[in-house]
Amino acid sequence: MGLNRKQRVTLIIIIIGTFVTVLNQTLVTPALPSIMDEMSIDASTGQWLTTGFTLVNAIMIPITAYLQDRFSTKGLFVFSTSVFALGTLCCAWGFDFNILLLGRLIQAAGAGILMPLSMTVLLVTFPIEKRGSAMGLFGLVVAFAPAIGPTVAGIIVDQFDWRIMFYGVTVLILLVVVFAAFLLEKKPPLSKGDAAFDALSVVLSTLGFGGLLYGFSVIGSYGIDLISGIALVVGIVCVIWFFIRQTHLEVPMLRVQVLLNKKFLVATIIGMLVQGSLLAAGILMPIYIQNLLGYPATVSGLVLMPGAIIMGIMNPVAGKLFDKHGPRVLGIVGMVLLFVTTVAFGFLTLETSITFLVVIYALRMLAMTMVNMPITTWGMNALETKYMNHGTSVNNTLRQVAGSLGTAIVISSSSITTNFASANMDSVHANLAGINVAFLLSALLVLIGLVLTIVFVKGNRGVSEAAGGAKAEVADRAGAKAGAVVMQDNEEKLLRKIMKTDVYELCSDATVQDAMQLFIDKSISACPIVDKSGDPVGFISDGDILKMLAHQTNSFMDPIALIATSAREDTPYDEKLSDVMSLPVTSVGAKGVIGVSIHSDLSEVCRVLANNHLKKVPVLDDGKIVGVINRSDITHYSMESYLGRN
């Protein structure tokens, strides 16, 4: 990678810290049956070790942004890893469930800061040309830890005691604390403190989401009573108050106005439904395999491992498929597969084979990769670039919260069914009935997500409505306030006013000759390429054609391409022209379309034109080209507007 000593040390510390943190999140599930037996708790109570952790993580996400603006990256990294170490030690020492849960919540507070902070440290430590390699290793660790975590935990639980794994994590994270304190470079805060901290918002989010989680859990264990009713009412009131408060704060914890964007809202809801179903299965599977089928914890870990490996391998593949086919095909296929595999888990028996469990669980994880990234990216692409940091925070927070609440509801349904069935059957079959009902409820959540995907998720390959791929740097942390929707309407009217609506397009089966004829007839220099449905799939300009006709001076890594190009260099111009004329436009033009949303403001349009060195850019509305805006259009409007004011 060509890194200096300081960069190598930083990368090693960050990777180890991240690995331990992610590994820790997957250690509990195989140990949960043993913990439940030792501490005499049911699944509805035991699931707090996972859902409580996830909930605190969600609450810490927006707080972390504030902390990174106030404290040095080194100081915050050492602090967060120290908090995580304290929580882990508390878990190892925990002699009853309350102490163990407290340790998990403390762990979550440290991990909630550590995960986003780790990425920040990498970005501020490594120059742009080396960030790709650093982030690649970081991503590999994030994918690798969940794959081995359940298996490692299973072996420890079978051979030793579940507390040993927490002691082991404590030792590893304390080493990270020591090395970070002495070896990490002290970087100043990311900004001068523009982010704000609202204590009431933190209290409301904690009481709101925590109250809902506690209420559903109590219902699962003891049925509906006064305590669960009060908890649910307090939770609902605080959540509503929290969301209303965010719309009135100048700098909110969560800029919930992004949810007014329909695509982003739909993508977030789908992600929430999937997350709830995902976490619930992770808790139910070890209980089923160990308590009902009688296998050791190692086997339950091994059952989960292939699915985790597939998920890690397929995530980048899903990204490429998304670029090629868009979100709709991937989303629908993934949701159908997810629904079918979840329903399959709803009909488990005491004779179900381990092979069946491994295959179905692996297919379920494959389905997750086809849904999570494409749907989330589709939703994020619907936002303007300046709102993307807020969109990321809102999406991540609500997905984490939904994972906690969804798990609580699903596990509670399992406990309620088990308690009800115990009157007519033995405990084993009663627990089996509870697990099947829980998976069928999870399938219902997935089915709702499938319907939303079919109805609302549209999209085209290679198109980003948020402007040029929506991967530009996040800006404008203060952002717009509650009037964002009105501003978007005004920007849309302005863009419609100055853009050209006579859009000329080429079908994807057209040739270069067709393109050149269109350029001549319409006095244009470029146009988008669309498929038979009218969806943009590429862009061709006279410059692309000139490159094909020019002498090639590029360097080639592919020897076949070098031979082919060298052979063509001796071809006379007229013959070369004849060859190029017959080529399909898709082989000459650029793949994908750089476009701007109809809701973009002129500053965003200028950024896209300037950053991509374009003379014109298509204007998109719901993936369809509705106009083209040129640099000259903006120049004329700007001059007229300026002179009109003066």
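Predicted model: local features only at pLDDT ≥ 70, side-chain atom pairs only at ≥ 80, totals over all residues.

Colleague: Okay, at what angle do H12 and H13 cross?

Modeller: Roughly 150°, and their axes come within 8 Å. H12 covers residues 327-345 and H13 covers 354-381. Angles over 145 degrees count as roughly antiparallel, so that is what H12 and H13 are to each other. The crossing is left-handed, and the residues of that contact are 21 nonpolar, four polar and one charged.

Colleague: New topic: how many residues does the largest nonpolar core have?

Modeller: It has 124 residues. Among those with the most contacts inside that core are Phe77, Trp162 and Ile270.

Colleague: And which helix gives the most to it?

Modeller: That's H10, residues 262-292, with 16 residues.

Colleague: You mentioned Ile270. What is Ile270 in contact with, leaving aside neighbours within four places in sequence?

Modeller: Its partners include Met335, Val371, Ile375 and Leu452.

Colleague: Let's switch to H18 and H20. Which residues meet there?

Modeller: From H18, Ile545, Met548 and Leu549 meet Tyr573, Lys576, Leu577 and Val580 in H20. That contact has six nonpolar residues, no polar ones and one charged.

Colleague: And how far apart are the axes of H18 and H20?

Modeller: They are 9 Å apart, with an angle of about 130°, so H18 and H20 are oblique to each other. H18 passes H20 in a right-handed crossing.

Note on methods: Residues numbered from 1 in each chain as written. Heavy atoms only, no water. Axes fitted to C-alpha atoms, helices over the stretch in contact; angles between N-to-C directions. Helix = DSSP H or I, 4+ residues; strand = E, 2+ residues; numbered from the N terminus. Parallel < 35°, antiparallel > 145°, perpendicular 65-115°, else oblique. Left-handed = near helix turned anticlockwise from the far one by under 90°. Nonpolar A, V, L, I, M, F, W, Y, C, P; charged D, E, K, R; others polar. Core = buried A, V, L, I, M, F, W, Y, C linked by side-chain atoms within 4.5 Å. Buried < 20%, exposed > 50% of the residue type's maximum accessible area, 1.4 Å probe, protein only. Contact = heavy atoms within 4.5 Å.
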